[in-house]
Amino acid sequence: MRRINEDFKRSITVADAAMDKGDYSLAVDTYQRVLKLEPNTDAQYNLGSLYAQGKGVAENFMEAAYWFHKSEITGDEQAGKLRLKCTSDFVHQGLVCVKDR
């Protein structure tokens with residue numbers, strides 16, 4: 001159990017450093033690995049932000065909304081507001097695509 005906790009903390013540090021350096025692909029991969037170990041509000045929020053902005057992954061408002069929702073239910077109120085915005089952006093994006101056809 002102690003080994004998992006050490007790996008978890010180390011992985012969060014690596015993911016945060018990757019975000020700071022602009023290595024968003026590494027940040028996404030590392031946050032995803034972290035979240036397989038246990039829920040973490042900050043990792044969920046940051047992963048939602050990366051999906052919403054298309055950094056390290058293709059922009060995906062529904063995936064962003066999913067991660068913001070997970071962050072919200074583990075205690076981040078701001079994440080709930082971003083979940084709603086991403087859902088709205090997804091709907092708007094779909095309407096624009098249909099209108100353009």
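**Figure 1. Burial and fold of the predicted model.** Of the 101 residues in the protein, 32% are buried. The model is predicted. Five helices and zero strands are present, and the order of elements from the N terminus is α-α-α-α-α.

**Figure 2. Crossing of helices H2 and H3.** Helix H2 spans residues 24-37 and helix H3 residues 41-53; their axes come within 10 Å and cross at roughly 140°. H2 and H3 are therefore oblique to each other, as angles over 145 degrees would be needed for roughly antiparallel. The crossing of H2 and H3 is left-handed.

**Figure 3. Salt bridge between Arg10 and Asp7.** This is one of two salt bridges in the structure. The side chains of Arg10 and Asp7 meet at 2.8 Å, N to O. Both residues belong to helix H1 (residues 2-21) and sit three residues apart, about one turn of the helix. Arg10 is partly exposed, at 46% relative accessible area, and Asp7 is partly exposed at 24%.

**Figure 4. Salt bridge between Glu72 and Arg83.** The side chains meet at 3.0 Å, N to O. Because Glu72 is in helix H4 and Arg83 in helix H5 (residues 77-100), the pair ties together parts that are eleven residues apart in sequence. Glu72 has a relative accessible area of 28% and is partly exposed; Arg83 is partly exposed, with 24%.

**Figure 5. Nonpolar surface patch of Met62, Phe90 and Val91.** These residues make a patch of about 250 Å². Met62 is located in helix H4 (residues 61-73) and is partly exposed, with a relative accessible area of 36%.

Key: Residues numbered from 1 in each chain as written. Predicted model: local features only at pLDDT ≥ 70, side-chain atom pairs only at ≥ 80, totals over all residues. Heavy atoms only, no water. Patch = residues over 30% accessible without salt bridge, like charges linked within 9 Å, V, L, I, M, F, W, Y side chains within 5 Å. Areas by Shrake-Rupley, 256 points an atom, 1.4 Å probe, with all protein chains shown as cover. Salt bridge = Lys/Arg side-chain N within 4 Å of Asp/Glu carboxyl O. Helix = DSSP H or I, 4+ residues; strand = E, 2+ residues; numbered from the N terminus. Buried < 20%, exposed > 50% of the residue type's maximum accessible area, 1.4 Å probe, protein only. Axes fitted to C-alpha atoms, helices over the stretch in contact; angles between N-to-C directions. Parallel < 35°, antiparallel > 145°, perpendicular 65-115°, else oblique. Left-handed = near helix turned anticlockwise from the far one by under 90°.
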